[in-house]
Amino acid sequence: MFEDHFGPEIAQSYDESVAEMFDPAAVEPAVGVLTELAGDGRALEFAIGTGRIALPLAAHGVAVCGIELSEAMVEQLRQKPGGRELPVTVGDMASTSVEDTFGLVYLVFNTIGNLTTQDEQVACFSNAASHLEPGGCFVVEVGVPEIRRLPHGERHVVSRGQRPLGHR
Ligand SMILES: C[S@@+](CC[C@H](N)C(=O)[O-])C[C@H]1O[C@@H](n2cnc3c(N)ncnc32)[C@H](O)[C@@H]1O
């Protein structure tokens, strides 16, 4: 079983701590793509968290289910409008099964990186595949690292917080 890094304290402040990811400018394009991919089918979110994407996707008429490791994150989801209606199974996305198959399984916000070994990530893909209907798809959203952040000959970069200095 994986360690839960999203306990009650983190879960309570999660939405605020990543407020820019709740901005419509971040949410709407993702929800648009996922709505299109889901078509008339159902969707399963791995690591559904507090419902940042699942709730607006459900509001677009897509039937969404979730798998989530942290009970505290699910509790936050449950407190939001529509959050009690989403079926969520508490468990590890690399091994937890839900009854049903889906046209779309998705995993956003770099969360594949919470599985820190290749074996775990392969298991996650295999778990996604086992929930997909024929022709369905598994969407994984990850940031694409810059090919080269350091000027030639440099071996480090000074940074503050998450952004390199000079980046606003
Ligand atoms: C960065 S949050 C993303 C939450 C949500 N998908 C979003 O976009 O806001 C990462 C989430 O992954 C969950 N998580 C981490 N490892 C997991 C695992 N092995 N199985 C299921 N959920 C996991 C955490 O509990 C947390 O809710």
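Guide: A polar contact is a pair of N or O atoms within 3.5 Å. The model read here is predicted.

Visitor: Which side chains place an N or O atom by an oxygen atom of the ligand?

Guide: Glutamate 68 has a polar side-chain atom 2.5 Å from an oxygen atom of the ligand. For arginine 52, a side-chain N or O atom is 3.0 Å from a ligand oxygen.

Visitor: How many residues surround the ligand, and of which classes?

Guide: The ligand is surrounded by 20 residues, and Tyr14, Glu45, Ala47, Glu68 and Met93 are the closest. The shell has 11 nonpolar, five polar and four charged residues.

Visitor: Where does the ligand sit among the pockets?

Guide: The ligand takes up the space of the largest pocket.

Visitor: What is the order of helices and strands along the sequence?

Guide: The protein has six helices and seven strands, and the order is α-α-α-β-α-β-α-β-β-α-β-β-β.

Visitor: What does the radius of gyration say about the protein?

Guide: A compact globule of 168 residues would have a radius near 15 Å, and the 17 Å of this protein agrees with that. Along the principal axes, the C-alpha atoms fill a box of roughly 55 × 35 × 35 Å.

Methods: Residues are numbered from 1 along each chain as its sequence is written. This is a predicted model: local features need pLDDT of at least 70, side-chain atom pairs count only at pLDDT 80 or more; totals for chains, interfaces and linings use all residues. Side-chain values use heavy atoms; hydrogens and water are left out. A residue is near a molecule or strand if one of its heavy atoms lies within 4 Å of it. A polar contact is a pair of N or O atoms within 3.5 Å; within protein, one must be able to donate a hydrogen and the other to accept it, and residues adjacent in sequence count only if both atoms are side-chain atoms. On a 1 Å grid over the protein atoms alone, a cavity is a set of points where a 1.4 Å probe fits but cannot get out, and a pocket is an open set with protein on both sides within 12 Å along at least five of seven lines; lining residues have an atom within 4 Å of a point. A molecule sits in a cavity or pocket if more than half of its atoms lie within 2 Å of its grid points. Ala, Val, Leu, Ile, Met, Phe, Trp, Tyr, Cys and Pro count as nonpolar, Asp, Glu, Lys and Arg as charged, and the others, Gly among them, as polar. Helices (H or I, at least four residues) and strands (E, at least two) are DSSP runs, numbered from the N terminus. The radius of gyration is taken over C-alpha atoms; the globule rule is 2.2 Å times the number of residues to the power 0.38.
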